Amino acid sequence: MKKDKILFNLMLIVLMVIGVLQFFEVPRIANYILGLVAICFGIIGYIIKFGKK
């Protein structure tokens, strides 16, 4: 239970960083990479949470 909570928190932190970076001029590739990282954290957390039953 603890691993999935950590991964979901990491996903939220990455999404907040993406939100803050939207106010600045950053390359689009950085936004895409951070978005993919957040999606990966969410998927891994989902698999850990619901996959081990």
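The accessible surface of this protein comes to about 4,500 Å², and 75% of that belongs to carbon and sulfur atoms; the areas come from the Shrake-Rupley method with a 1.4 Å probe, and for residues only the protein chains shown count as cover. What you see is a predicted model, in which local features need pLDDT of at least 70 and side-chain atom pairs count only at pLDDT 80 or more, while totals for chains, interfaces and linings use all residues. Residues are numbered from 1 along each chain as its sequence is written, and side-chain values use heavy atoms, with hydrogens and water left out.

Now the overall layout. The protein has two helices and zero strands, where helices (H or I, at least four residues) and strands (E, at least two) are DSSP runs numbered from the N terminus. Its radius of gyration is 13 Å, well over the 10 Å that the globule rule gives for 53 residues, so the protein is more spread out than a compact globule. That radius is taken over C-alpha atoms, and the rule is 2.2 Å times the number of residues to the power 0.38. Along the principal axes, the C-alpha atoms fill a box of roughly 45 × 15 × 10 Å.

How much of the protein is buried? Of the 53 residues, 19% count as buried, meaning under 20% relative accessible area, with exposed over 50% and partly exposed in between (1.4 Å probe, protein chains only).

Next, helix H2. H2 covers residues 28-51, 24 residues in total, and reaches 33 Å from its first C-alpha to its last, close to the 34 Å expected at 1.5 Å a residue. The expected span is 1.5 Å times one less than the number of residues. Its buried residues include Asn31, Gly35, Ala38, Gly42 and Gly45. An α-helix has 3.6 residues a turn, so residues three or four places apart point the same way. The buried residues of H2 pack against helix H1 (2-21).

Two other H2 residues. Tyr32 is in H2 and counts as exposed because its relative accessibility is 52%. Val37, also found in H2, is partly exposed at 32%.

Last, H1. Val17 lies in H1 and is partly exposed, at 36%.

Notes:
Contact means heavy atoms within 4.5 Å.
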